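Let's take a friendly tour of a protein, looking at how charged side chains pair up and then at one residue in its surroundings. Have the sequence and the 3D view ready.

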Amino acid sequence: MAGSLPHGRSKEGAVKPLSPETAAGFIRANTALMRPPHVPEVTLHLADEAHDLWHRTEEQLAEIGLPPPFWAFAWAGGQGLARYVLDHPDTVAGKRVLDFASGSGLVAIAAMKAGAAEIVGADIDPFCEAAIRLNADANDVTVSFAGSDLVGHDDGWDAVLAGDVFYEKPFADRLVPWFSALRQRGTEVLVGDPGRSYLPRERLEKLATYEVPVTRALEDAEVKRTTVWRFV
């Protein structure tokens with residue numbers, strides 16, 4: 001809004017640190033309800049160039065106590081995975097599902113719309129709890145939240161969904177044995193990925209490929225070829 005103060009500062013310029021408890025108000029003030037272009041069935045609180053949140057540096061975000069707000073954007077892998085789930089509801093229908101590294105909750109919401117019996121959105125960013133709750137409410141679905149690091153855990157999920165997770169080698173090295181153990185136990189593990197560097201292609205079976213519209217500032221392209229894989 002023209003003439004308004006940047007959210008998180010007093011008139012004297014002092015920083016007002018955010019907390020998970022005040023996250024919902026911050027999210028509402030710095031995003032708008034939008035429909036991701038590849039998954040228009042879902043409505044999310046997202047940021048774009050019109051929002052102050054978009055233009056803040058990581059240092060400015062850290063100053064107000066906010067981790068990088070991955071929950072404020074619809075990433076290519078998540079959009080592709082959400083599209084696949086909606087188009088193939090048998091993947092999740094009637095099942096207990098984990099949406100790992102949930103972010104905005106896009107994939108979790110798509111799974112609930114596709115008929116999942118229950119779903120947990122898991123993310124170690126505590127602000128995701130408020131983002132997922134607001135987004136679930138906007139779509140009239142229920143998504144539980146887990147804020148702990150679930151890598152290595154097995155709560156008996158029938159399916160695990162993971163979008164945009166193979167971006168860093170140390171993290172990928174943790175995920176591969178975990179996904180392998182889940183798969184051996186019988187869990188369906190699906191991955192949405194636009195060609196990130198540490199994708200373990202030798203452990204994956206291609207299910208579908210999409211051309212996903214994205215924001216150039218996020219992905220260095222306006223469209224990202226995104227593949228949904230089954231971990232094998």
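## Salt bridges across the structure

Searching the whole structure turns up 11 salt bridges. Here, a salt bridge is a side-chain nitrogen of Lys or Arg within 4 Å of a carboxyl oxygen of Asp or Glu. This is a predicted model, so local features need pLDDT of at least 70 and side-chain atom pairs count only at pLDDT 80 or more, while totals for chains, interfaces and linings use all residues. Residues are numbered from 1 along each chain as its sequence is written, and side-chain values use heavy atoms, with hydrogens and water left out.

## Glu118 and Arg96

One of these pairs is Glu118 with Arg96, whose closest N and O atoms are 3.5 Å apart. Glu118 sits in strand S4 (residues 118-122) and Arg96 in strand S3 (residues 96-100), so their bridge ties together parts that are 22 residues apart in sequence. Helices (H or I, at least four residues) and strands (E, at least two) are DSSP runs, numbered from the N terminus.

Asp149 is partly exposed at 36%, and Arg174 is partly exposed at 38%.

Next come Arg230 and Glu188, with 3.2 Å between N and O in their salt bridge. Since Arg230 is in strand S9 (residues 223-231) and Glu188 in strand S7 (residues 188-193), the pair ties together parts that are 42 residues apart in sequence. Both Arg230 and Glu188 are buried. Elsewhere, salt bridges with shared partners join Glu41, Arg83 and Asp87 into one network.

## Around Ala108

Now find Ala108, in helix H5 (residues 106-113). Ala108 is buried, with a relative accessible area of 0%. Which residues does Ala108 touch, not counting those up to four places away in sequence? They are Asp99, Ser102, Ile119 and Val143, where contact means heavy atoms within 4.5 Å.

For a sense of distance, look at Gln184: 76 residues from Ala108 along the chain, with 23 Å separating their C-alpha atoms.

Terms used:
Buried means under 20% relative accessible area, exposed over 50%, partly exposed in between (1.4 Å probe, protein chains only).
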